[in-house]
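Take a look at the sequence and the structure below. Then read on for a short tour.

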Amino acid sequence: KTSVNDSNLSQTQAQKDAADQNFDYMFKLLIIGNSSVGKTSLLFRYADDSFTSAFVSTVGIDFKVKTVYRNEKRVKLQIWDTAGQERYRTITTAYYRGAMGFLLMYDITNQDSFYAVQDWATQIKTYSWDNAQVILVGNKADLEDDRLVPAEDGQRLADELGFQFFEASAKDNINVKQVFERLVDVICEKMSESVNGEPSPLANHKGPSLQDTPPDKGGCSC
């Protein structure tokens with residue numbers, strides 16, 4: 001995991017990845033939600049196709065890079081895995097700026113994580129760009145016998161918030177790829193809609209702007 005003290009290392013690596021010009025677009029995505037809902041597991045399943053049952057709490061923020069092809073375009077995804085604990089909140093919310101999409105996760109066996117979705121949605125609205133795209137993900141769908149949050153409740157809340165909704169399982173690799181691909185597609189659709197309207201800060205053709213590199217710990221955008 002990336003510690004708070006090592007956050008500059010992550011930022012430097014992220015900027016190096018952003019400087020790689022071998023892509024058509026780069027999307028900055030964030031995975032957010034309460035601690036222990038499976039954010040890191042979802043990211044590792046998607047990026048590395050790996051899973052471990054051992055739980056190690058993310059300290060601060062970490063990220064992975066994955067390149068995908070969508071609509072004949074090479075899209076580099078810079079996917080940030082954020083800590084869910086309150087004590088890291090000021091660090092993680094600083095990374096919301098410039099994010100094009102969010103996976104807002106809860107655990108279907110943990111009602112508190114579901115009840116917290118509204119607060120996380122408020123943070124997205126407060127700290128990110130107005131048109132950032134969000135998908136609500138109910139994780140740990142493999143634990144059906146321990147389910148406490150019905151899928152209908154997840155869908156209803158997603159509808160109320162204007163988000164798309166999936167249930168997924170990082171452990172059993174259910175809907176993991178689909179969740180990320182849908183988020184990328186939604187961002188691409190929003191880009192297309194903005195072509196004839198206002199300039200969109202969503203994507204960076206052949207290289208990022210300063211806004212797409214993470215801020216330093218002081219929150220400076222330069």
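This is a predicted model: local features need pLDDT of at least 70, side-chain atom pairs count only at pLDDT 80 or more; totals for chains, interfaces and linings use all residues.

Residues are numbered from 1 along each chain as its sequence is written, and side-chain values use heavy atoms, with hydrogens and water left out.

**The whole chain**

The chain has seven helices and six strands. Helices (H or I, at least four residues) and strands (E, at least two) are DSSP runs, numbered from the N terminus. Their order along the sequence is α-β-α-β-β-α-β-α-α-β-α-β-α. Of the 222 residues, 50% are buried. Buried means under 20% relative accessible area, exposed over 50%, partly exposed in between (1.4 Å probe, protein chains only).

**Helix 5**

Helix 5 covers residues 117–127. Which of its residues are buried, and which are exposed? The table lists them.

| Group in helix 5 | Residues |
|---|---|
| Buried | Val117, Trp120, Ala121, Gln123, Ile124 |
| Exposed, on the other side | Asp119, Lys125, Thr126 |

The buried residues of helix 5 fall within an arc of 155° seen down its axis, so they line one face of the helix. The arc is that of the directions from the helix axis to the C-beta atoms.

**Lys64**

Lys64 sits in strand 2 (residues 61–70). Its side chain makes a polar contact of 2.9 Å with the side chain of Asp48. A polar contact is a pair of N or O atoms within 3.5 Å; within protein, one must be able to donate a hydrogen and the other to accept it, and residues adjacent in sequence count only if both atoms are side-chain atoms.
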